[in-house]
Amino acid sequence: MTGLRATFHKSVEYIAERGLAPILVWPFLSKASAIKKIVFAATRRCDRVLLHARGGREEYIVDSRDRVISRGLFVQGEYDFHKFEKALTLLEPYYKKGHAFTLVDIGANVGSICIPAVARGFASRAIAVEPHPGNCRLLRVNVAMNDLTDRIHVSEFALSDGDVTELSLELSSDNFGDHRVRSSSLPGRMGETRRSLVEVKACRLDDIATPAANERGLVWMDVQGYEGHVLQGCKTWIDAGVPICMEFWPYGMRRASSYERVRNALSGYRGFFNLSDPHSILPIAEIDELYSSSDQPDFFTDLLVVC
């Protein structure tokens, strides 16, 4: 193992010194996650390396600078897909293999949810929305590489309430799933004001697609605290009672002034499951208690909201 680590480090140094990155590295050494961890860790020596990730039935091209989602896909072949499967279990019997539904993946990143959801037959088709240009390029590549271009529609937008057509995205240098719409210029606990910015196109989900008659849908959303603004642009989906699975991050919602919008948008839903402890459905009003339970940046959970 030590010899293998040294050899790979020397190879990466050679690439970096000669300015040959980005380069595509195939995980040919082993299927073992331990080997893949070594490979991924060694890419820190390069400015950027594009890696081929393959776990089971799906494959991806990922960016080595992203130490979270891309690392998970490269090392394990999946990232957070168990949450999607848990949500579908709670939605049975109508949301399972063989029962066609449309998945709306908001904050799709490089496709870690929508690609396996469609490829494995859980969803018949998907609408994947991703605002960051680099993430979206890889998302399109990954959709094509898995032969899903006719079943996954990709839109490069930041979703909002429709009042603006352009938004500023503040960028995380090492977690490409934590790019966020800038909603506050105040100092935060995570160094937000030091982040670089990129301008991205914005629209409502209702401008991209509306739910088809007699077709089931599921909205899957991870937008780093901006959920309330996004939900205000999802009126047709909410009016149709489409289930919504969303990350619930009080710190991010406070920075985005988003929570009251979340409560208003979800007021007509029957209740929610907390995927961290999904034993029973809870009334919508109990979201208030969950929101006020912690203001720490590392506290979050995922909620499945149902009619």
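Tutor: Strand S12 provides the largest share of the lining of the largest pocket, three residues. Strands here are DSSP E runs of at least two residues and helices are H or I runs of at least four, numbered from the N terminus. The model is predicted, so local features need pLDDT of at least 70 and side-chain atom pairs pLDDT 80 or more, while totals for chains, interfaces and linings use all residues. Residues are numbered from 1 along each chain as its sequence is written, and side-chain values use heavy atoms, without hydrogens or water.

The largest pocket holds about 810 Å³ of space. Of its 46 lining residues, Gly177, Asp178, Asp222, Gln224 and Glu247 are the closest to its centre. Two or more lining residues come from each of S4, strand S7 (158-159), strand S9 (180-181), S11 and S12. The lining comprises 25 nonpolar, ten polar and eleven charged residues; Ala, Val, Leu, Ile, Met, Phe, Trp, Tyr, Cys and Pro count as nonpolar, Asp, Glu, Lys and Arg as charged, and the others, Gly among them, as polar. On a 1 Å grid over the protein atoms alone, a pocket is an open set of points with protein on both sides within 12 Å along at least five of seven lines, a cavity is a set where a 1.4 Å probe fits but cannot get out, and lining residues have an atom within 4 Å of a point. Points are joined across faces, edges and corners, and a volume is the space filled by probe spheres set on them.

S12 belongs to an open sheet of eight strands with mixed pairing, in the order S6-S5-S4-S11-S12-S15-S13-S14. Strand S6 (152-155) and strand S14 (282-283) are at the edges with a single partner strand each, so one side of each has no neighbour in the sheet. Helix H4 (residues 81-91) packs on this sheet and touches S4, S11, S12, S13 and S15, its direction at about 145 degrees to that of S11. Contact means heavy atoms within 4.5 Å; angles run from 0 to 180 degrees between N-to-C directions of axes fitted to C-alpha atoms, for helices over the stretch in contact. S11 (residues 216-221) and S12 (residues 244-248) pair in the parallel sense over three bridges, where pairing requires at least two DSSP bridges. Met221 is opposite Met246 in S12.

Gln224 also lines the largest cavity, which has about 80 Å³ of space. H10 (250-256) and S9 each give two or more residues to that cavity's lining.
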